[in-house]
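Could you go through this structure with me point by point?

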Amino acid sequence: MEYSRNLYLNRLIERKQNGLIKVITGARRAGKSYLLNELYYKYLLNLGVPSTNIIRFAFDSDEDIDLLDAYIPEESTKIGQKPDMLFVNAKKFRAYIKDKTNDKDNFYLLLDEVQLLDNFVGTLNGLLRHTNYDIYVTGSNSKFLSSDIATEFKGRGTVVHVLPLAFSEYMQGTELSPERAWREYVVTGGIPLVAQMRSEEEKYTYLKNLCEETYLKDIITHNRIKKKVELGDTFNILASMIGSPVNAKKITDTFKTNLDKGITRDTIIDYIDYFQDAFVVSRANKYNIKGRKYIGSPFKLYFEDVGVRNARLNFRQIEETHIMENILYNELRYRGFNVDVGEVTINEKTDRIDVNGKPIYAKKALEVDFIATKGDQKFYIQSALSMESEEKQTQEKKSLYYIDDSFKKIVVAKTGLNPTYDDEGVLTIDLFDFLLDEKVLES
């Protein structure tokens, strides 16, 4: 099955020949290499670009690396720079590129796992000086993760972040109804390779190994972590609290109380940063809507792929409410929105009265699941699995009613109904309408 990944493909097309290095980031196995070396490559061919003007090179492929042996034969193709790590000789690679190109034609350089090239920053900046070179790179492994690469090219690069399959992309590979496909998706997520596997056992095994043998090992090696067990425990704790406020102090208390281990707050913060850097989780900061300011803590963390999250917990905690919230968060990011968690502070009447017999009011913070912004667009969105009762509807919409600006307020729920507005102007959209129709927000 070939997933079109049209949204990401179009983002690359929009950046074609813009004079910058196109840096494709994302979690391991999210589909970065496939996007670049298959989909974008085919796009260029269909555009009429000769295959000889498209140079694909994977620095983790022995077959590609062997091509460099003929250049500057007196030097080694692989050279050591760090203990137990060999890098591709940059001088040989530059000679290879020079041999395959000229100064008059346009060339497209599609470079995979570029962090395995010795002095890749200097080499790529040198290549960038050739105005007839259009350069695209991916990179993520245990020695150099994609977030680092994006930082290295700040000001000289533009980033395309690739998420695992969105639900609409997942539907491309199945003949199931949205309802039945959703049952699979909330459990095993959208890693493209996993989505193509037929048996649940194969999917479960692969995802659990991906967590342990790839993500954790990458982070441990890259950050030289000695407390490997504690890192794994932190992974478990973060997986169990998607959709809940994250407080580093409370996590340290959990270690002491439930795991009988001592770990500092600063270490927990470092661990969270490592998982973010590896694109395992994404952080949503809290924003006070009326005060128009960010609140440093607590924040929320969502997993880039819910299948990875579930695998880390051995598929024991499949809470559809929280997983749906995670999926909506990723869907908004997939569509190019910046996403924050909202807070509305109100004065609410209590059951108490003062000495004059008047009711006492107290400040109360109401949560808005997501504030999604893109350019001049802004949406306030609540995730609600079910709103069968009037009480549940009031509960989910309450925070939206206290927002006094003109931007659209939306509740996404599994209603099975067409989009409807209530008397206060709050729009309720069915979950599958929201996930499968990007224009539904415009209704």
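The numbered points below go from the whole chain to its spaces and then to single residues.

1. Basis of the note. This is a predicted model, in which local features need pLDDT of at least 70 and side-chain atom pairs count only at pLDDT 80 or more, while totals for chains, interfaces and linings use all residues. Residues are numbered from 1 along each chain as its sequence is written, and side-chain values use heavy atoms, with hydrogens and water left out.

2. Overall form. The chain has 17 helices and 15 strands, where helices (H or I, at least four residues) and strands (E, at least two) are DSSP runs, numbered from the N terminus. The radius of gyration is 25 Å, close to the 22 Å that the globule rule gives for 443 residues, so the chain is as compact as a globular protein of that length. That radius is taken over C-alpha atoms, and the globule rule is 2.2 Å times the number of residues to the power 0.38. Along the principal axes, the C-alpha atoms fill a box of roughly 95 × 55 × 45 Å.

3. Burial. Of the 443 residues in the chain, 51% are buried; this word means under 20% relative accessible area, with exposed over 50% and partly exposed in between (1.4 Å probe, protein chains only).

4. Helix 4. Which residues of helix 4 are buried? In this helix, which covers residues 90-100, they are Ala90, Lys92, Phe93, Tyr96 and Ile97. These residues lie on the same side of helix 4 because they cover an arc of only 160° around the axis, the arc being that of the directions from the helix axis to the C-beta atoms.

5. The largest pocket. Pockets and cavities are found on a 1 Å grid over the protein atoms alone: a cavity is a set of points where a 1.4 Å probe fits but cannot get out, a pocket is an open set with protein on both sides within 12 Å along at least five of seven lines, and lining residues have an atom within 4 Å of a point. Grid points are joined across faces, edges and corners, and a volume is the space filled by probe spheres set on the points. The largest pocket holds about 530 Å³ of space. Its lining consists of 22 residues, of which His161, Ser282, Arg333, Phe337 and Asn338 lie nearest the centre. Among the elements that give two or more residues to this lining are helix 1 (6-14), strand 7 (157-162) and helix 15 (320-334). By class, the lining has 10 nonpolar, 6 polar and 6 charged residues; Ala, Val, Leu, Ile, Met, Phe, Trp, Tyr, Cys and Pro count as nonpolar, Asp, Glu, Lys and Arg as charged, and the others, Gly among them, as polar.

6. The largest cavity. There are 3 cavities of 30 Å³ or more, and the largest cavity has about 130 Å³ of space. It is lined by 16 residues, with Leu165, Ala166, Tyr185, Glu304 and Asn330 nearest its centre. Which helix gives the most to this lining? Helix 15 does, with 4 residues. The lining divides into 10 nonpolar, 3 polar and 3 charged residues.

7. Asn330. This residue is found in helix 15 and counts as buried, at 11% relative accessibility. Asn330 and Ala311 are 19 residues apart in sequence, and their C-alpha atoms are 18 Å apart in space.

8. Positive phi values. Phe279, although not a glycine, has a positive phi of about 60°; Phe279 sits in the loop between helix 13 and strand 8 and is buried, with a relative accessible area of 13%. Phe315, also a residue other than glycine, has a positive phi near 60°. The place of Phe315 is the loop between helix 14 (306-312) and helix 15, and Phe315 counts as buried at 14% relative accessibility.

9. Two residues in strands. Gln382 belongs to strand 12 (residues 377-384) and is buried, at 4% relative accessibility; its side chain reaches the backbone nitrogen of Asp369 at 2.6 Å. Thr158, in strand 7, is buried with a relative accessible area of 15%.

Definitions and conventions
A polar contact is a pair of N or O atoms within 3.5 Å; within protein, one must be able to donate a hydrogen and the other to accept it, and residues adjacent in sequence count only if both atoms are side-chain atoms.
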